Amino acid sequence: MSDGAGGRDEDGRDEGVRGARRIPGPRAAADDFAEPGPVPQPPEPAGAHAQAEPEAERAPRPAPDPAPPVLVLPHRVLQALLGAWALAACSAEETAAVEAHLTECAPCADEALRLRDAVGLLHTDRSLDLDPLLRSRVLENCLGRRPAKIPVPDWAAPYDAETARLDALLRDIGAAEWHAPVRLQWFEGEREAGRRTTVAGVIGHLMTVDGLVGAALGLDDPLSGAPLSPAARTESYWSATRVPPTRAVHEPWREQSHTLIRTVSFAGRGVEELSVSYGDFALPLQDALLDRAFECWVHAGDIAKAVDYPYEPPSAGHLHRMIDLAVRMLPAALAVRRRSGLAGPARQLVAAGSPGRSLHLEIEGSGGGDWYVALDSPAALGSAEHTVAQVALDGVEFCRLVAGHVPPVEAAAGQRGDREAIRDVLFAAASLSRL
Amino acid sequence: MAKNAPPRWDRKMQQRLSRGEAAALGEMYDRFAALVHSQAHRMLDDEAAADLVTREVFGHVWENPDAYDPKQGSMRAWVTRLTHLESVRRLRRGADEDRDDPDDPEGPDGLEERVRRATVAARADYIASSMPAPLRAALELAYVRRRDYRQTAADLGVTEDEARRRLRLGLQLLSTARTRPPEGGPPPGYGRAL
């Protein structure tokens with residue numbers, strides 16, 4: 001017991017009870033009960049006390065079978081048992097001993113009633129989780145009533161929303177669940193890769209990679225000097241901690257995400273174009289933060305699966321932006337694979353900025369839309385007129401593909417046209433995944 | 001987390017809200033929304049009504065950050081009080097609307113009784129969520145997970161004596177929810193160190 005207030009409180013209370021007379025006396029009305037209550041019975045469901053009736057009128061209970069031998073315990077011990085008794089958390093023998101004592105000790109009987117009544121104030125329905133969509137509704141209402149002088153930039157909204165959703169999930173899980181095993185999955189080259197960690201390890205991973213964005217903004221990097229590539233960075237974080245990460249990582253992760261949101265709110269115009277380096281590549285800040293929102297959702301999904309919680313996809317508007325970011329990164333990913341001989345050769349090179357051979361990506365469902373992916377060069381423009389293939393895919397499924405959570409060969413629901421183009425785009429999408 | 005934040009956090013938050021910083025509003029929501037919503041839900045027993053109370057409470061906080069007086073208590077206590085006031089207002093308004101209904105089973109006394117019960121329930125929640133973590137953990141094991149005190153002791157890695165002590169002390173704290181005047185007196189937990 002480290003809390004001073006708790007200790008004080010108890011001491012004060014105990015003095016009062018210890019000093020009470022031991023001799024049974026006339027019972028005072030307990031609390032707000034109108035009549036002197038009956039001898040407390042073992043705890044019943046909340047509200048049972050309302051039906052208090054004179055003992056004589058109570059239907060006789062069948063005797064416990066066999067009756068436990070009544071323990072004889074000193075007052076001090078019995079008094080200490082009152083809380084456990086009220087919660088039905090002691091043995092049958094102790095229960096009988098406490099109840100026998102209550103017939104002859106008024107202070108204990110009073111306290112017993114009070115504590116049993118307090119049990120009725122506890123309740124189990126903590127599972128009434130807050131609707132994650134309530135946050136945006138409440139904040140929107142506030143900002144409608146009083147516009148913000150320092151708004152959160154619209155491009156930071158997905159990151160704000162996703163970190164808040166993950167935070168809510170983390171608050172709901174128990175201490176033990178922070179150590180639940182999580183298998184992270186992604187694609188490397190042509191095959192699935194994976195890494196085992198725990199819920200706390202995943203939060204550490206999110207925090208270290210978010211730190212890249214913070215570093216670009218001039219914030220203190222929790223891992224200064226660490227490599228920039230997300231995977232190497234995470235490995236160096238995981239290996240630097242001597243003990244496995246625990247729920248203690250929750251607060252620093254949350255504080256860092258709050259600080260990021262606050263910093264970009266104050267940063268002023270133009271900051272969205274600030275370059276954030278990931279080692280091998282760089283993204284403008286607004287895309288980097290969107291990418292972090294995406295990763296936050298994907299890993300929140302991994303965590304939710306590990307601890308058996310439901311977890312919904314982002315709102316349609318945010319999902320749409322995440323899909324759009326992935327699609328924008330596809331031509332460059334294709335080019336990388338082509339250079340390594342993993343994708344078919346370019347068929348038709350066009351002048352930079354001109355429309356080239358394209359794949360029509362038709363994303364269905366929430367956050368969906370139509371995108372045209374330039375197939376032969378990142379410099380070409382995707383174009384509906386130059387479509388040589390079409391792929392239809394659910395939005396969440398596309399994101400799972402991009403996250404490396406479904407193999408490319410299983411991803412597309414509908415495919416039409418140039419098979420090589422389809423294969424190359426699906427594999428390029430999976431190659432966007434990483435630790 | 002999200003328990004009694006240091007007074008510095010409270011003052012800083014108030015300043016940021018006054019300045020009109022939307023990010024501060026988000027942080028405020030993240031810290032207190034679960035408290036506000038569950039308290040409103042406990043008082044009104046209605047999900048949609050609890051959503052509306054949450055909206056009103058944060059709307060009020062955002063529009064009137066200067067109404068918070070750090071000398072009167074923590075921001076957490078202030079938000080709790082606002083939630084209580086808004087929930088009671090909603091209970092009464094609901095009752096006013098029912099008054100035209102000849103089948104309304106509860107008269108004004110019934111309403112007062114509901115307000116009183118709701119207030120006690122909300123205060124109990126507040127006490128439960130603000131009590132020292134070791135006490136709360138013990139109560140949760142015994143009540144929610146139906147562990148007896150010996151198992152509770154083992155789960156918490158404390159002696160059986162200590163487990164009994166925590167269960168009793170936790171319930172003693174909770175029982176104070178009933179001992180204060182439901183209305184007119186100080187609002188739930190406000191200005192009081194728990």
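Biologist: How many residues does the contact take from chain A and from chain B?

Modeller: The contact takes 53 residues from chain A and 52 from chain B. Two residues are in contact if their C-beta atoms, placed from the backbone, lie within 7 Å. This is a predicted model, where local features need pLDDT of at least 70, side-chain atom pairs count only at pLDDT 80 or more, and totals for chains, interfaces and linings use all residues. Residues are numbered from 1 along each chain as its sequence is written, while chains are lettered from A and ligands numbered from 1 in the order in which they are written.

Biologist: Why are H5(A) and H8(B) called roughly perpendicular?

Modeller: Good one! The axes of H5 (residues 106-119) of chain A and H8 (residues 160-175) of chain B come within 8 Å and cross at roughly 80 degrees. Axes are lines fitted to C-alpha atoms, for helices over the stretch in contact, and angles run from 0 to 180 degrees between N-to-C directions. Angles of 65 to 115 degrees count as roughly perpendicular, so H5(A) is roughly perpendicular to H8(B).

Biologist: Which residues make that contact?

Modeller: Among them are A:Arg114 and A:Leu115 of H5(A), and B:Arg168 and B:Leu171 of H8(B).

Biologist: And what is A:Ala326 in contact with, leaving aside its neighbours within four places in sequence?

Modeller: A:Ala326 is in contact with A:Val402, A:Ala429 and A:Leu432.

Note on methods
Helices (H or I, at least four residues) and strands (E, at least two) are DSSP runs, numbered from the N terminus. Angles under 35 degrees count as roughly parallel, over 145 as roughly antiparallel, 65 to 115 as roughly perpendicular and the rest as oblique.
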